[in-house]
Amino acid sequence: MNALLRLGLVTFLLLALACGLAKAAPDFPPLSGRVVDAANVLSPATEEQLTAQSAALEAKTGAQFVVVTLPSLQDYAIEDYGYQLGRAWGLGAKDKNDGVLLIIAPNDRKVRIEVGYGLEGVLTDALSNLILQRQVLPRFRAGDVEGGVRSGADAIVAQISADPEHQKATLAQASKAAKGQSGLSPDAYIWLIIIFLWIVFSAMRGSRYGRRMRGGEASSLPIILWAARIPV
């Protein structure tokens, strides 16, 4: 019986490993050029424009930029697919890893800028997200896929090919915008703390300890608000 259990466990582990390996290798379109329109959403004129931009960028900076559209992400998160696609295509110089992908999966309604580590200081996550939010997605939502792709490519190429001072200024603006969009305002944090303390004090009022400490039935909320210097 023990031998059968061990055999079953080994078989299960092998099957799980095989499934994991299969999941780690999605099908990628061949790298046929600087624009890989596997989803067939770009016109020849747009492909020509993007190809010229990519060639000019590589001639100036050495960075390799490819636009790829996909009919499907094959049930992968676009982050996982993009990372594996970048590795499979081997974009950028080996010693610099300065490749960039603009990935569009229109049927899955996903888009991503995948950046090699050699350009992460120039094209940060904050800036990449800002480009998508301001340059790409509004046009996509309006039904202008080509316009969104062109606008996103323009922003990516402009940032990589800009002089260092201009790059730093753009990154600073993106970082400021990201801080403004994420998290809560200081006042919101204060109110959350107040509400939390009110809940704690209210719970204490219902306990024996709370009744002994309270010495009365007055609500603790005014005391908390006074401590926070908020008028009541």
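A residue counts as partly exposed when its relative accessible area lies between the limits for buried, under 20%, and exposed, over 50%. In the predicted model described here, F28 has a relative accessibility of 27% and therefore counts as partly exposed. Y81, at 0% relative accessibility, counts as buried.

The ring centres of F28 and Y81 are 5.2 Å apart and the planes stand at 80°, so the pair is edge-to-face. F28 is located in the loop between α1 (2-23) and β1 (35-37), whereas Y81 belongs to helix α3 (residues 78-89); the pair therefore ties together parts that are 53 residues apart in sequence.

The protein chain as a whole contains nine helices and four strands. Along the sequence, these elements follow the pattern α-β-α-β-α-β-β-α-α-α-α-α-α. The protein chain has 232 residues, of which 33% count as buried.

The largest pocket holds about 350 Å³ of space. Its lining consists of 17 residues, and those nearest the centre of the pocket are G86, R87, L91, N97 and G116. Two or more lining residues are given by each of α3, β3 (99-105) and β4 (110-115). Helix α3 provides the largest share of this lining, with four residues. By residue class, the lining of the largest pocket divides into seven nonpolar, seven polar and three charged residues.

Helix α5 (residues 145-161) was examined for its length. With 17 residues at 1.5 Å a residue, α5 should span 24 Å, and the C-alpha atoms at its ends are 24 Å apart, which agrees. At the start of α5, the backbone nitrogen of G147 has a side-chain oxygen of D144 within 2.9 Å. The buried residues of α5 include G147, G148, V149, A153, I156 and I160. S151 is also found in helix α5. With a relative accessible area of 9%, S151 is buried. The side chain of S151 makes a polar contact of 3.4 Å with the side chain of R139.

The C-alpha atom of A174 is separated by 9.0 Å from that of I131, and the two residues are 43 residues apart along the chain.

Backbone torsions were also considered. Most residues other than glycine have a negative phi. N40 is not a glycine, yet has a positive phi of about 55°. N40 is placed in the loop between β1 and α2 (44-61). At 65% relative accessibility, N40 is above the limit of 50% and therefore counts as exposed. R109, likewise not a glycine, has a positive phi of about 55°. The loop between β3 and β4 contains R109. The relative accessibility of R109 is 75%, so R109 counts as exposed.

Definitions and conventions. Residues are numbered from 1 along each chain as its sequence is written. This is a predicted model: local features need pLDDT of at least 70, side-chain atom pairs count only at pLDDT 80 or more; totals for chains, interfaces and linings use all residues. Side-chain values use heavy atoms; hydrogens and water are left out. Rings of Phe, Tyr and Trp (its six-membered ring) pair if their centres lie within 6.5 Å; planes under 30 degrees apart count as stacked, over 60 as edge-to-face and the rest as tilted. Buried means under 20% relative accessible area, exposed over 50%, partly exposed in between (1.4 Å probe, protein chains only). On a 1 Å grid over the protein atoms alone, a cavity is a set of points where a 1.4 Å probe fits but cannot get out, and a pocket is an open set with protein on both sides within 12 Å along at least five of seven lines; lining residues have an atom within 4 Å of a point. Grid points are joined across faces, edges and corners, and a volume is the space filled by probe spheres set on the points. Ala, Val, Leu, Ile, Met, Phe, Trp, Tyr, Cys and Pro count as nonpolar, Asp, Glu, Lys and Arg as charged, and the others, Gly among them, as polar. The expected span of a helix is 1.5 Å times one less than its number of residues. A polar contact is a pair of N or O atoms within 3.5 Å; within protein, one must be able to donate a hydrogen and the other to accept it, and residues adjacent in sequence count only if both atoms are side-chain atoms.
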